[in-house]
Amino acid sequence: MRTSADNRNWSARAILLLPYLWLVIFFLAPFVIVLKISLSQTALAQPPYLPAFDASAGWVGLMEFAKQLSADSFRLVLSDSIYLWSYLRSLQIAAISTFALLVIGYPIAYGMARAPRAWQPPLVMAIVLPFWTSFLIRIYAWINILQRDGILNDLLMRLHAIDGPAAWLSSDTAIYIGMVYSYLPFMVLPLYAVLERMDESLLEAAADLGCPRWKAFWLVTVPLSLPGVAAGALLCFIPIVGEFVIPDLLGGSESLMIGQTLWTEFFSNRDWPVASAIAVALLGLLLVPILFYERLQQRSLEGSRS
Amino acid sequence: MADGEASQHRVENKKSPLVRFEAVTKRFGSFTAVEALSLDIEHGEFFALLGPSGCGKTTLLRMLAGFETPSGGRIYLDGEDIVAVQPHRRPVNMMFQSYALFPHLTVEGNIGFGLRQEKATRAEIAGRVTEMLALVRLQGYGGRRIDQLSGGQRQRVALARSLIKRPRVLLLDEPLAALDKKLRTETQFELMELQRKLGTTFVIVTHDQEEAMIVADRIAVMDQGRLMQVAPPAEIYERPNSRWVADFIGEVTTIEGRVSGSGIIDSAIGQLRIVDSDAAKLGATIWLALRPEKIAMGSERPISGLNAVSGTVSEIGYRGDMSIYKVRLADRSLVKVARANVSARGKDSFGPGDLVWLSWPPDAGVILTG
């Protein structure tokens, strides 16, 4: 006979299972499929790779299937410098964009946190507002702004800052503008959350102990906002590395970010195994900052608990 | 320019008070927190600002620290006008109610913070920090993180941090409010000992009258931005200058009466004897303030018959060491009487509804005119 305590225990476990179930269905299963494809070979078939896995063949079929798997695609991805350069370029763009986002986002978050209480909800709203429009449309709008006879050139020429129209579009500058514009909320919101929570009396204490305002900012505000800096930086860096739409619409064609390379392999070359290998390697690459972030969060959780 | 102005206001007299508030007013919008307040605090004093919440005591302290600028008036420190001086340049340090310890620094980092803002050498800072850790009995805790400390330990770190620069005045904003009662009482005595040892002037803000009475040499009782009375604790308690102060500090019963002769007043409970004083002019309306412990209570009418009234016990507030009896008199008014619970079984105590006689000598009460 089951008691109510048993029941409770059981339902508590079931609730714990839910997130794992979510992970298995929406992350682990697709990942296993991608991994399987990355270990396959291209073929003129539907789907365009071999071997195909036939569950009806049973254990023998599975062994047969495993024998045909190969790491050729990974070997290609790691040996051909095209892919290496693509990865490096993605990391570089992500690093520079994240730095620019931090430099621009920190003062915005700081200003928001310092604004009168009544102003803060509308300010947060203003930061989130762009999400109400489709991302693609917003990037298309930037094409309008940055193109040769676009708003930016028009404005700069009116201000006599430049003599003739400058080429903004199809350049790295355009990519950086697009990245900073698109990811700014992801930088500002975590920073704002940390700065807004900060105890005002800490700055008074610093002043009381002989610390001028600008110095108190560096000695107290900045160190205490580091968790927000880390959260914002990773929330921007990780998706920017794999970004496809922004470099594809705003950037030039001379060198590709890894997301674009993947797209080319998948859709133009119909080389699913290599495309999958690129994706798996990218995941491995991004695991480093993700694990770092996890550890950071773990530590701050422990800190607040004790 | 600022220096010239400051020296112009320098008070030459060496005997001048350490801190002088001169007609200081502070307004927040339409709310006046402090109104035309003048107050001197002497060298080496343990001074308490006491009052109900919102009375302006914290604002006064924050103006001394430099976090608030007075709307009017002047504040002198050592005879120098400090109103225009930035908080980080004032030779005063504050211990905050929330402690305001830096969570990203260790105990040592927190205590040494003030010295690191000066041109102190590393060895000098380390030496002073060790000294301060010993002073607040936290030896061996220097490397701890703030979130690894108990409330009492944090309180002591905050104290050490505010003392390390040897301030001219140490400001304490409700320093013990977050501690439990037992720890608070212990810490009160530690604070007094510390103040005596260092000779530093302490200014404490508190809403706890008991705390103010225990620690302070002098107390300023404040209400609605004004000083009600500034005096040593015993004087505040025994000789309050108004009904408000008498009522705010401790328990008291006030009896209204009219002076009908030399040392005699007529009141609703009959003729009462008082000590003749200038305040008790013939025909004047006065209030006789009686502290509960000054009134004797018994079941028989006292032999002297002087200032003896009868009533019935209506309520008893048991406090362990003593009890406060509320006795209802013939005119329905209540008198509070304190009685030490001397016998363990309470044989000599009274219960609700008991008929009792109250009496007090003529010099037991204070004559108040306002």
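User: Which residues of chain A form one aromatic cluster?
Analyst: This is a predicted model, in which local features need pLDDT of at least 70, side-chain atom pairs count only at pLDDT 80 or more, and totals for chains, interfaces and linings use all residues. Residues are numbered from 1 along each chain as its sequence is written, chains are lettered from A and ligands numbered from 1 in the order in which they are written, and side-chain values use heavy atoms, without hydrogens and water. Rings of Phe, Tyr and Trp (its six-membered ring) pair if their centres lie within 6.5 Å; planes under 30 degrees apart are stacked, over 60 edge-to-face, the rest tilted. One aromatic cluster is formed by Tyr49(A), Phe244(A), Trp263(A), Phe266(A), Phe267(A) and Trp272(A).

User: What angle lies between the planes of Tyr183(A) and Phe186(A)?
Analyst: Over all chains, the rule counts 17 aromatic pairs. In the pair of Tyr183(A) and Phe186(A), the ring centres are 5.8 Å apart. The pair is tilted, and its planes make an angle of 45 degrees.

User: Is Tyr183(A) buried or exposed?
Analyst: Tyr183(A) and Phe186(A) sit 3 residues apart in helix α8 (172-197) of chain A, about one turn of the helix. Helices (H or I, at least four residues) and strands (E, at least two) are DSSP runs, numbered from the N terminus. Buried means under 20% relative accessible area, exposed over 50%, and partly exposed in between (1.4 Å probe, protein chains only). Phe186(A), at 32%, is partly exposed, but Tyr183(A) has 8%, so it counts as buried.

User: How much area is buried between chain B and chain A?
Analyst: Contact means heavy atoms within 4.5 Å. By that rule, 22 residues of chain B touch 19 residues of chain A. Buried area is the accessible area (1.4 Å probe) that two parts lose on being put together, summed over both. Carbon and sulfur atoms give 60% of the total, which is about 1,800 Å².

User: Which residues in chain B lose the most area to chain A?
Analyst: Three residues together account for 30% of what the chain B side buries. They are His88(B), His104(B) and Gln117(B).

User: Which element gives the largest share of the side of chain B that touches chain A?
Analyst: A polar contact is a pair of N or O atoms within 3.5 Å; within protein, one must be able to donate a hydrogen and the other to accept it, and residues adjacent in sequence count only if both atoms are side-chain atoms. Between chain B and chain A, 8 residue pairs are in polar contact (both at pLDDT 80 or more). On the chain B side, the elements giving two or more residues are α2 (57-65), β6 (92-95) and α3 (107-116). The largest share is 3 residues, and it comes from β6(B).

User: How many residues apart are Arg319(B) and Glu251(B)?
Analyst: The side chains of Arg319(B) and Glu251(B) form a salt bridge (3.1 Å, N to O). Arg319(B) is in the loop between β16 (308-318) and β17 (322-329) of chain B, and Glu251(B) in the loop between α9 (243-248) and β11 (253-261) of chain B. The pair links distant parts of the chain, with a separation in residues of 68.

User: Which strand holds Lys336(B), which links to Glu251(B)?
Analyst: Lys336(B) and Glu251(B) meet in a salt bridge at 3.1 Å, N to O. They are 85 residues apart, and Lys336(B) lies in chain B's strand β18 (334-340).

User: What percentage of the residues in chain B is buried?
Analyst: Chain B has 9 helices and 20 strands. Its C-alpha trace spans about 75 × 50 × 40 Å along its principal axes. Of its 370 residues, the buried part is 48%.

Notes: Salt bridge = Lys/Arg side-chain N within 4 Å of Asp/Glu carboxyl O.
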